[in-house]
Amino acid sequence: MLPLQPLWRVPSPKECHFFAYLWTALWIALLIYPVFGHWAWGGLLGGESGWLASLGFVDFAGSTVVHSVGGWVALAAVLAIGPRQGRFNQNQPPTAFPAGNLPLAMLGALFMILGWFGFNGGSTLAVNNQVPGILANTVLGAAGGILSAMLMGWRTRRYADVMYAINGAIAGLVAVTAGAHAISMSAALGLGAVSGVLMVVTSEWLLNHRIDDAVGAIPAHLIPGIWGTLALPWIANPKELGTGLSTLEQAGVQLLGVVVCGLWSFGIAWLLFRISGRYFPLRVSAEDEKMGLNLAEHGTHNELTQLLEHMRRHEQQGDMRQRIEADPFSEVGEIAAGYNRVAAALESAIGHTRVMLHNLRDGVLTWQANGLLTSLNPGAEQLFGVQAEQMIGTPVSRLLDSRNLAPGERHEIKLRSATQEIRYLEIQVSEGASGSASERSGMVRDITERKRLQEQLNRERDLARTTLASIGDGVITCDASGLITFMNSEAQRLTGWHLRDAREKPIQSIYRLIDDNTGSLRSNPARQVLTQHRAIHSTDDGWLEHRDGQRTPIQHSAAPIRSRSGITLGAVAVFQDVSVTRQLADQLNYQASHDNLTGLINRRAFETTLSHLLNEKEGSHVLCYLDLDQFKIVNDTCGHIAGDELLRQVATKLQVYVRTSDTVARLGGDEFALLLPNCPIDQACQIADAIRCDIENYRFAWQEHTFGIGVSIGLVALTDHNMQLTDALHAADAACYTAKEAGRNRLHCYQANDHSVLERDGELRWVQRLQNALDNDHFRLFAQPIKAVCAKRPAYQEILLRLEEDGNLITPGSFLPAAERYHFMPRIDRWVVRNTLAWLSDITRSAPDTAWGCWGVNLSGASLSDGEFCRDLITQVHKAQLPKGSLCFEITESAAIAQLSSVIELIHTLKQLGCRFALDDFGTGLSSFSYLKQLPVDYLKIDGHFIRHVHEDPIDRAMVEAIHAVGKALNIETIAEFVETQQTLDTLTTLGIDYAQGFLLGHPGSLTQVGGQPIKVMPR
């Protein structure tokens, strides 16, 4: 017999028409279920067993016959009808629809378990000893399904799903139903547990494949039914089954029954749905599905549906003043009351919004999707110059130039008013409720002034960018976060980054500065400005790293970009390529420290190196001073070009003999210097002598000339660590001079007690003193009388020179040798002549009738060889206009002979101006008498060497007699010098000497006291 199938087993998709549901249930009850029940159990046409039952197929209480049949039909139904709306969305997890009432569902599940007792227990068709075991297995199967489904669901969804517990209980009951009479209680528990797992796995598989089983009929009935039927031969007691088949034979029969059930139930149901779908719809409409089948199919109304209907009409009419009647004693009434309160608040807000829109200066207009205007506020009327009554219902393109106004976009409109004034409007379109009068809305704003400011800003920005692109400095700007916003062309060239690639990149990754000394990455100036909020001006140069790794020297600075309120908006970095400047600076530094001719370091750089070496407190060093011999001959013979070439070749030779730690320098002219650090004096002498020998053997060829030169070298051991720079150079120069004085082309080592060096040192010290005397008029003029001995007429007074320092008078013997050696004599003679003539001019003008006599002035050989001095002397004497015979110039014998022709010419010229001449120190030369007749002098001053002992030395007496005799023969008067004793004077009288001069006759006196007219200041 066929047991009655419960109504809740019949598949009922929530979107299926109720008529289709009845039609499906009818065919299940009339065809699908009875036929397979007869095959499995028998009894449809009589009391005989069906063909599956006769084969030994066992299905105790309908695990396959009842539940699998319903599951196969449900699978065909869900595949034919499809999923519910909104159940599966693209790229989203399946939407879970909430259950109706979970407490009632759990209560129903409990009643179902209790009802299953009768379903399984009643399948024995008798009350016997099998009933208690069947009931126990039923409970254990349900318990196993509940537990395993709960645990599996927890693992899958991370929470306890109540529906999994309910469907797990059903799955366990369905699986146990196949053989509750023939299995043990442990087998029943395990069978139910596996059923719960299969139920969860099947549910998840269906969701993954987008198969919507609304009530879980497939995982809770079909799969557990198949599992329970197939597992029965392996866990049941064969005796209790009573088929007489082996386990494998029983398993084959059970598999045959499952396959036949699937083919029959699913196949007939699928054909039923396909054929029925051609004549009437199986699925309800989308609107009915959304409304719910209770209302759409059965017309069931309740308070909730009535509330929803009122709200739907409220939405369609749009009248916010309507209210819904609310029953205060029901939940739906509370919802209605809350809805009324919301409507009231919304009505108030809408009224407030209308007031705001009416008073809003900006324009607001709305239109429908078909483009017809529905409203304009007064602001829009004023902006567009229209009336709302005239425009409502007309196309919006009349105002907006038929533009495609997409929601969310901003559009600019250019209008020309009746007065030809151009105005700019900006409209932002928003999307409203579909189907309403305001499906589109636009906020219109007058941006004319902003547009003008923007255009002005754009012009200024373009001008600024054009200016920045034209200047030679690189400019990079960044925002407050340090991201680059602008780079001019020079900045792009120096960094190697194009603006489109560098924009929005951190400035420190583009503008990379390398330290000039360490080579490490320096802190970025723009980042410093952003953190310190002040300008940064670099005082030293850095290197800018190019994108390809090359580096460029730059000068750079950075400053903040601030708003009017002082807020830092970003930073600007300005930098300049100083490659050319640095090259010029390096070139200038090289030129400042090197000799252009030889490439050696010059005096300034050499003195700096020497100073550093002198500051070291350890080590023995040697300084060599070199002066070329015979260099002037090359210059005078072949010119300066040849001399320059000789200096270059000598510099090349010097560098051959020095170490890398040594220093070779050209100090100027033909003077060189060597600095030998950490070198003993004996080794330095060897090096210097090797250089001397090389230069001595060297022959310089220029055109058809060949020259041999030498070098004098002075060496100074720098062993005194307290020695100063000037002391070292002075000592080296003195040693070199000593080598020259000793015969040239030799070495001389400086010693602190070297007599020759000390003598020259003394002369060198006179150089500064003489210069100071000339600059500050420290010279003084004295006069010593020359008196007649045998002459008839008076002689003259000789002008003598003294140097006054700190109130002390210094005689000429102390400073004239140094003056002659260092060429001060022409300047001193100029001073004497100028002051003597000035004094004589003053006294002759003050007393023109007084005879002031004759005054003798000494002229040195260096002055006589100076043509400029001679010409100046003639000019000054001519301008003085002194009486004839007022001046007598004394010249030495050696100077007159050396410059014989020019001296004779000078004597003749000055004699024409009334001057006399005396030949001083006569008798000391080897050829005195041979040249005397050529010199038209007036006096011969016999050298004091012959006068001092003339009274006792016959040879001196004979020499004086000879000189006096020659003078008489040439009509030249004689003057004896150094007359200091009466015996000397008596002898000179006996010999007939004309004049005498010496301390016996008169000491030198200051010229300021001569002539009876004291002069307070002399010279002038």
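## Residues with positive phi

In this predicted model, E504 is partly exposed, with a relative accessible area of 48%. The residue sits in the loop that joins helix α20 (499–502) to helix α21 (507–510). Although E504 is not a glycine, its phi is positive, at about 70°.

R744 likewise has a positive phi of about 70° without being a glycine. Its setting is the loop between helix α28 (725–741) and strand β19 (747–749). With a relative accessible area of 38%, R744 is also classed as partly exposed.

## Overall dimensions and secondary structure

The protein chain contains 39 helices and 30 strands. Its radius of gyration is 68 Å, whereas the globule rule gives 31 Å for 1020 residues; the chain is therefore more spread out than a compact globule. The C-alpha trace covers about 205 × 90 × 60 Å along its principal axes.

Of the contacts in the protein chain with a separation of 6 or more, 63% are between residues 24 or more positions apart.

## Burial, surface and charge

Buried residues make up 44% of the 1020 residues of the protein chain. The accessible surface of the chain amounts to about 53,100 Å², and carbon and sulfur atoms contribute 55% of that area.

The protein chain carries 85 positive and 104 negative charges. The mean position of the positive charges and that of the negative charges lie 6 Å apart.

## Cysteines

How many disulfides does a search of the whole structure find? The search returns zero. C854 is accordingly in no disulfide, and the nearest cysteine sulfur, which belongs to C888, is 5.1 Å away.

C854 is buried, its relative accessibility being 5%. C478 is buried as well, with a relative accessible area of 3%. Both values count as buried because the class takes in residues under 20% relative accessible area.

R341 belongs to helix α14, which runs over residues 331–359. Is R341 buried or exposed? The residue is exposed, since its relative accessible area is 56% and the exposed class begins over 50%. R341 and A214 are 127 residues apart along the chain, and 37 Å separates their C-alpha atoms.

A862 is located in helix α32 (residues 861–864). Its relative accessible area of 35% makes A862 partly exposed. Which residues does A862 touch, leaving aside its neighbours within four places in sequence? The contacts of A862 are with M825 and P826. D694 is 168 residues from A862 along the chain, and the C-alpha atoms of these two residues are separated by 36 Å.

Technical notes. Residues numbered from 1 in each chain as written. Predicted model: local features only at pLDDT ≥ 70, side-chain atom pairs only at ≥ 80, totals over all residues. Heavy atoms only, no water. Disulfide = S-S within 2.5 Å. Buried < 20%, exposed > 50% of the residue type's maximum accessible area, 1.4 Å probe, protein only. Helix = DSSP H or I, 4+ residues; strand = E, 2+ residues; numbered from the N terminus. Rg over C-alpha atoms; globule rule 2.2 N^0.38 Å. Contact = heavy atoms within 4.5 Å. Areas by Shrake-Rupley, 256 points an atom, 1.4 Å probe, with all protein chains shown as cover. Lys, Arg positive; Asp, Glu negative; His and termini not counted. Charge placed at Lys NZ, Arg CZ, Asp CG, Glu CD.
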